Amino acid sequence: MAYGRILAAFHHATGPLRAKDVCEAFGHELLPKSVEGTRAKLKRLVELGILTEADTGNLTRKQ
């Protein structure tokens, strides 16, 4: 379910997102554990070829 919500956030985004941006979109507090957990999920989506890293930490949906 978390991955679906992450992809929905990217669908509505007008540009690259960072882990912090995704946490804010979900209304999560910007605690290190929340940001790091989200970052790990984002990296997994990059490994799967669903997202791409435009530059360090800035991710976009693969076109």
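Lys43 is partly exposed, with a relative accessible area of 36%. In this predicted model, the side chain of Lys43 meets that of Glu53 in a salt bridge, with 3.1 Å from N to O. Lys43 belongs to helix α3 and Glu53 to strand β1, so this pair ties together parts that are 10 residues apart in sequence. Glu53 is likewise partly exposed, its relative accessible area being 28%. As a general principle, side chains of opposite charge can pair when their charged atoms come close.

The whole structure contains 3 salt bridges. Another of them joins Arg39 to Glu36, and here the closest N and O atoms are 2.4 Å apart. Both residues are part of helix α3, where Arg39 and Glu36 stand 3 residues apart, about one turn of the helix. Arg39 has a relative accessibility of 32% and therefore counts as partly exposed, since this class lies between the limits of 20% and 50%. Glu36, with a relative accessible area of 46%, is also partly exposed.

A further salt bridge links Glu47 with Arg44, with the closest N and O atoms 3.6 Å apart. These two residues also lie in helix α3, 3 residues apart, which is about one turn of the helix. How exposed are the two partners, Glu47 and Arg44? Glu47 reaches 61% relative accessibility and so counts as exposed, because the limit for that class is over 50%. Arg44, at 40%, counts as partly exposed.

The next topic is helix α1, which spans residues 2-12. Within this helix, Ile6, Ala9 and Phe10 are buried. Viewed down the axis of α1, the buried residues fall within an arc of 95 degrees, so they line one face of the helix. On the other side of α1, His11 and His12 are exposed. Which elements do the buried residues of α1 pack against? Their partners are α2 (19-25), α3, β1 and β2 (58-61).

Aromatic residues form the next topic. The structure holds 0 aromatic pairs. A charged residue does lie over a ring, however: Arg5 sits over the face of Phe26, at 4.1 Å from the ring centre.

Finally, the confidence of the prediction may be considered. The protein chain has an average pLDDT of 90, and 98% of the residues score at least 70. Among its elements, helix α3 (residues 32-47) has the highest mean pLDDT, 94, whereas strand β1 (residues 51-55) has the lowest, 89.

Notes:
Residues numbered from 1 in each chain as written. Predicted model: local features only at pLDDT ≥ 70, side-chain atom pairs only at ≥ 80, totals over all residues. Heavy atoms only, no water. pLDDT = per-residue confidence, 0-100. Helix = DSSP H or I, 4+ residues; strand = E, 2+ residues; numbered from the N terminus. Phe/Tyr/Trp six-rings, centres within 6.5 Å; stacked < 30°, edge-to-face > 60°. Lys NZ or Arg CZ within 6 Å of the ring centre and 35° of its normal. Buried < 20%, exposed > 50% of the residue type's maximum accessible area, 1.4 Å probe, protein only. Arc of directions from axis to C-beta. Contact = heavy atoms within 4.5 Å. Salt bridge = Lys/Arg side-chain N within 4 Å of Asp/Glu carboxyl O.
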